[in-house]
Amino acid sequence: MSDKPLFAAEPAACHPETLAVRTAVERSQYAEHAEALYLTSSFLQPDAASAARRFAGEEEGYIYSRFTNPTVSSMEKRLAALEETEDCVATASGMSAILLLCMGLLEAGDHVVCSQSVFGSTVKLFAGELSKFGVETTFVSQTVINEWKAAVRPNTRLLFAETPTNPLTEVCDIQALADIAHNCGAYLVVDNCFATPALQKPVRFGADFIIHSGTKYLDGQGRVLAGAICGRQELVQEKLVRTLRSTGMTLSPFNAWVVLKGMETLHIRMEKQSQNALRIARALEEHDAIETVHYCGLPSHPQYDLAMRQQNASSSGENGEEKGCGGAVLSFKVTGDNADTLREKAFAVIDQTQLVSISANLGDTRSIITHPASTSHGRLTEEQRLAAGITQGTLRLSVGLEHHADVLRDILRGLENRPNI
Ligand SMILES: *Cc1c(COP(=O)(O)O)cnc(C)c1O
């Protein structure tokens with residue numbers, strides 16, 4: 001019998017699309033072709049002495065699924081391969097990934113510098129929850145590098161950014177932020193949820209930790225909550241996995257399995273959904289009833305060049321713009337004179353859709369529309385919202401895999417007030 005391993009190719013020699021399908025398959029003795037789902041809370045130990053060695057960390061072996069599980073490990077290895085990091089730890093959700101990172105790396109008296117444009121719950125976690133434990137956060141402009149520099153203090157331990165952001169797709173310069181972090185002995189953390197490793201690999205620009213909400217594009221089909229942190233092995237194991245074991249923010253094997261299978265189609269989905277988003281963004285930009293389109297794949301976007309440089313990790317296609325690297329989320333503002341009219345017009349666009357879903361999620365194969373001012377950013381004051389660039393006329397569209405013309409027609413129906421198109 002041949003002793004050829006079931007996965008013979010050297011993973012490092014393969015393209016990311018291949019890694020997404022072929023890496024990290026933990027086969028059982030039955031040699032199943034698809035990834036097995038190890039739905040078990042604990043693992044049998046061969047004998048008392050082995051159990052003792054495994055608990056003491058002297059011997060490899062699965063013990064209990066709060067610590068490790070083969071399906072979860074597979075998901076972690078596959079994501080680490082795509083992010084080009086040494087290691088990865090999976091968590092129950094994107095927010096628990098950020099919480100685990102903070103619990104593992106910070107202590108009372110530490111300081112964080114964070115972009116003011118990050119995900120709403122991330123702002124609440126830093127400003128509300130972590131401040132209760134003596135961790136202080138300074139929020140700065142996503143794009144003004146001098147604000148980041150000025151905010152750094154001797155006790156700054158983390159710089160936290162997200163690029164592109166929700167809903168305005170603001171892009172920050174990862175390399176510049178990594179330089180600031182490393183000059184002051186801090187780590188740079190990048191939430192890579194919107195671009196995903198299919199488009200952007202933050203580690204190539206110096207990021208130390210990469211955060212994921214697997215709930216979004218990694219699953220890609222709106223089924224489960226999941227999260228992950230990618231980074232250097234020593235830090236992930238010593239600082240994060242250790243904390244995970246005693247805090248229990250663990251990902252369930254079932255959800256890990258769903259995300260593991262979702263990642264197989266990540267590249268092809270991101271490419272196609274980005275192309276769809278670009279086409280829709282271009283059409284909306286031409287429309288009279290629209291004041292602005294925010295999409296970092298459009299040349300009119302203020303950080304277009306930076307976005308095309310940073311978000312161009314895909315190995316397929318030649319030309320950055322057409323191959324689709326802007327990501328699949330865009331937002332736009334309808335025209336109107338005052339807040340009431342803007343809101344009325346924005347609601348009309350939402351309410352006249354027949355295809356696009358009205359839902360809070362994003363990153364699904366189904367296109368989703370939301371009104372940030374009354375949902376994700378509803379708890380901010382009107383002033384805070386305007387400072388963040390979100391008006392009552394702003395709509396966010398997460399573009400899916402439907403034909404772009406069908407999605408566009410669905411959006412235009414409300415804009416043109418033509419219920420029958
Ligand atoms: C959704 C999201 C999160 C939080 O992820 P959950 O899985 O919902 O906890 C964090 N960051 C970004 C950018 C997100 O879009």
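This is a predicted model: local features need pLDDT of at least 70, side-chain atom pairs count only at pLDDT 80 or more; totals for chains, interfaces and linings use all residues.
Helix α10 spans residues 253–263. Eight of its 11 residues are buried, so the helix is largely enclosed by the rest of the structure. The buried set consists of Pro 253, Asn 255, Ala 256, Val 258, Val 259, Leu 260, Gly 262 and Met 263.

Gln 45 sits in the loop between α1 and α2 (48–55). Its relative accessible area is 23%, so Gln 45 is partly exposed. Beyond its neighbours within four places in sequence, Gln 45 contacts Ala 51, Arg 54, Tyr 62 and Ile 63.

Helix α4 was examined against two partners. Two packed helices are described by the angle between their axes and the distance between the axes. Helix α4 (residues 94–105) packs with helix α5 (residues 120–129) at about 30°, and the axes lie 10 Å apart. An angle under 35 degrees counts as roughly parallel, so α4 is roughly parallel to α5. The crossing of α4 past α5 is right-handed. On the α4 side, the contact involves Met 95, Ile 98, Leu 99 and Cys 102. On the α5 side, it involves Ser 121, Thr 122, Leu 125 and Phe 126. By class, this contact of α4 with α5 holds six nonpolar and two polar residues, with no charged residues.

From α4, Leu 100, Leu 101, Met 103, Gly 104 and Leu 105 take part. They meet Lys 239, Leu 240, Thr 243, Leu 244 and Thr 247 of α9. The contact of α4 with α9 has six nonpolar, three polar and one charged residues.

The cysteines were considered next. A disulfide is a covalent bond between the sulfur atoms of two cysteines. With a cut-off of 2.5 Å between sulfur atoms, the count comes to zero disulfides. Cys 193 is in no disulfide, and its nearest cysteine sulfur, that of Cys 230, is 12 Å away. Cys 193 has 6% relative accessibility and so counts as buried. Cys 325 is likewise in no disulfide. Its nearest cysteine sulfur belongs to Cys 296, at 8.2 Å. Cys 325 is buried, with 1% relative accessibility.

Backbone geometry was then inspected. Most residues other than glycine have a negative phi, and most peptide bonds are trans. The loop between β4 (156–162) and α7 (174–183) contains Pro 164. Pro 167 and Thr 169 lie in this loop too. The peptide bond from Thr 163 to Pro 164 is cis, with omega near -10°. A cis bond also links Asn 166 to Pro 167, with omega near 0°. Thr 169 has a positive phi of about 50°, although it is not a glycine. At 1% relative accessibility, Thr 169 counts as buried.

A positive phi also occurs at Thr 196, at about 65°. This residue, again not a glycine, belongs to helix α8 (residues 196–199). Thr 196 is buried, with a relative accessible area of 1%.

How values were computed. Residues are numbered from 1 along each chain as its sequence is written. Side-chain values use heavy atoms; hydrogens and water are left out. Axes are lines fitted to C-alpha atoms, for helices over the stretch in contact, and angles run from 0 to 180 degrees between N-to-C directions. Helices (H or I, at least four residues) and strands (E, at least two) are DSSP runs, numbered from the N terminus. Angles under 35 degrees count as roughly parallel, over 145 as roughly antiparallel, 65 to 115 as roughly perpendicular and the rest as oblique. A crossing is left-handed if the near helix is turned anticlockwise from the far one by less than a right angle, and right-handed if clockwise. Contact means heavy atoms within 4.5 Å. Ala, Val, Leu, Ile, Met, Phe, Trp, Tyr, Cys and Pro count as nonpolar, Asp, Glu, Lys and Arg as charged, and the others, Gly among them, as polar. Buried means under 20% relative accessible area, exposed over 50%, partly exposed in between (1.4 Å probe, protein chains only).
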